[in-house]
Amino acid sequence: MEEEAAAAACEIARLPEELLVAALSLTSPRDACRAAAVCRDFRAAADSDAVWSRFLPRDLPRLADGELSPPPPSTKGLFLRLSAAPLLLPHELTSMWLEREKGRKCYMLSARALQITWGDTPRYWRWIPLTDSRFKEGAELLSVCWLEIHGKILSKMLSRNTNYAAYLVYRIADRSYGLDFPFQEASVSIGGSTTTRQVGSVERRLKRRCSHALVLAEDIEHPQKRSDGWMELKLGELYNEEGDDGEVCISFRETEGHWKRGLVVQGIEIRPKKTLTSNCLACSHEKPSYSLLTTSRSSKEEIFLTDGLTSMWLDMETGFKCYMLSARALQLANSTDTWRLISLTGASRFSEVIELPACYELVICGKIPCKMLSGNTNYAAYIVFVVVEDSFGLATILDASVSVGGSLCTTRQVCFDSTSSLSADEHFVEDNIEVPQDGSVILPQERDDGWMELEVGEFFHNEECNGDVCFSVLEAEDGRWLSKRGLVVQGIEIRPKKSGC
């Protein structure tokens, strides 16, 4: 092997340096650094100014005084300095650096360089010093009902023929609120073309056992943790052709009138979009390596009916039929205006579950034809759900009932989360609701699959039953109607009642 390497080195040494330089100039900065480690002759060509001048953009922006002090000793040194860390432009409101892969230009617009609605009004925003940023200060949201942030950069400052992505760089302060919902709207425009998407600046986690499982909404861009400790949220993408499309305009907004607090903005970053290999791609629908929320039965035992909204399996002990009505199959009060379909980073029987964001009236109803059930069987119905960390008002005591063929079978009082706090807006309530722990109010139980279940009621089904079995959970007539949020419902499960349960 050593003899072969020595022979190869001799062959390389015979090549004219001009030829090596021309060849290396057609590669990338990463390849040139690798080539320098091959042999001494390669290193001389790979480190030459002629090679590295091809990797440097021809139209570098002017930097602030002292940013390149002391001056780099070579063109390669200049490239490495520019790609090592962000450098400030004059006025110190924008930073710039090169990506190491291809030498394309990246920028960050500081919070001071952005247009923030009411940003200079101390009642709504305040400017705070930053110790972990190239910029001296960032903007902290104190309290607004109209969140709007705009940034812009000239397209000629960007690298040509390059796909870029824009990111909001931020963190969430303590005692934040109102940033999880409604979702925000982000847009990027260049040359008369605009792309718009919904984004979520806050990841929401489950309150129960699987605290590392996230609650995600379909088709919503979610934030990622950066290596520098900040968060970044992708606002959109753009393609910069020849840099003659004028300004690139970027916006982030939520203007539905909901009060919010705790967003700390460092700036907006614009950098080339990386192309990931297929094995690097991650999707919120993929199962993580750890066990999250799962179904309690294997796919061989459980089948889905033709409507796709109901699943069925046989009880392993008795062979009686069991069903799960998906959230899509339930009747929910104000479902169009209040509830929203989401996905979880854990398994669910169905592709969608449903979440209650914020409302005063909670009504959940479901039904199943009697003829679908096993005859002469005691059944119980359970709402299968989880609760997110920032939920409130779910200590409300509710009325639950089950009826068969129009005849009421059972009624009871139930509660989804006896530890739930009140909304910050419930100023007229002096104390949290005290939920009885003596069994008079049915409380949820944790399941083996990580979900929670709340027993709605029991019923006996004989073979002569006609009509539907109906289930309902609604506000108690003598209860306090309080604002509530954060209930995530998978569906209603109907299964044989076990003796002693």
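F459 is buried, at a relative accessible area of 3%. Buried means under 20% relative accessible area, exposed means over 50%, and partly exposed is in between, with a 1.4 Å probe and protein chains only.

Quick ground rules. This is a predicted model, where local features need pLDDT of at least 70, side-chain atom pairs count only at pLDDT 80 or more, and totals for chains, interfaces and linings use all residues. Residues are numbered from 1 along each chain as its sequence is written, and side-chain values use heavy atoms, with hydrogens and water left out.

Aromatics next. Rings of Phe, Tyr and Trp (its six-membered ring) pair if their centres lie within 6.5 Å; planes under 30 degrees apart are stacked, over 60 edge-to-face, the rest tilted. That rule gives seven aromatic pairs. One of them is W52 with F79, tilted, 5.2 Å centre to centre and 55° between the planes. W52 sits in helix 5 (residues 49-55) and F79 in helix 6 (residues 75-84), so the pair links parts of the chain 27 residues apart. Helices (H or I, at least four residues) and strands (E, at least two) are DSSP runs, numbered from the N terminus. W52 and F79 are both buried.

Back to F459. Its ring stacks with Y379, at 5.6 Å centre to centre and 15° between the planes. Y379 is in strand 24 (residues 377-392), F459 in strand 29 (residues 452-461), 80 residues apart. Y379 counts as buried because its relative accessibility is 0%.

W52 and F79 also belong to one aromatic cluster with F55.

Now charges over rings. The test: NZ of Lys or CZ of Arg within 6 Å of the ring centre and within 35 degrees of the ring normal. R271 lies over the face of Y167, 3.9 Å from the ring centre. R495 lies over Y382, at 3.9 Å from the ring centre.

On to the cores. A nonpolar core is a set of buried Ala, Val, Leu, Ile, Met, Phe, Trp, Tyr and Cys residues joined through side-chain atoms within 4.5 Å. The largest has 54 residues; W125, I149, F252, L263 and I270 touch the most other members. Another core lies apart from it, with 39 residues, including A327 and L454.

Last, a sheet. Strands pair if DSSP finds at least two bridges between them. Six strands form an open sheet, order 20-23-30-25-26-27, with mixed pairing. Which strands stand at the edges? Strand 20 (331-332) and strand 27 (441-442): each has a single partner strand, so one side of each lacks a neighbour in the sheet. Strand 26 (residues 407-414) pairs with strand 27 in the parallel sense, over two bridges. V414 has I442 in strand 27 as its bridge partner.
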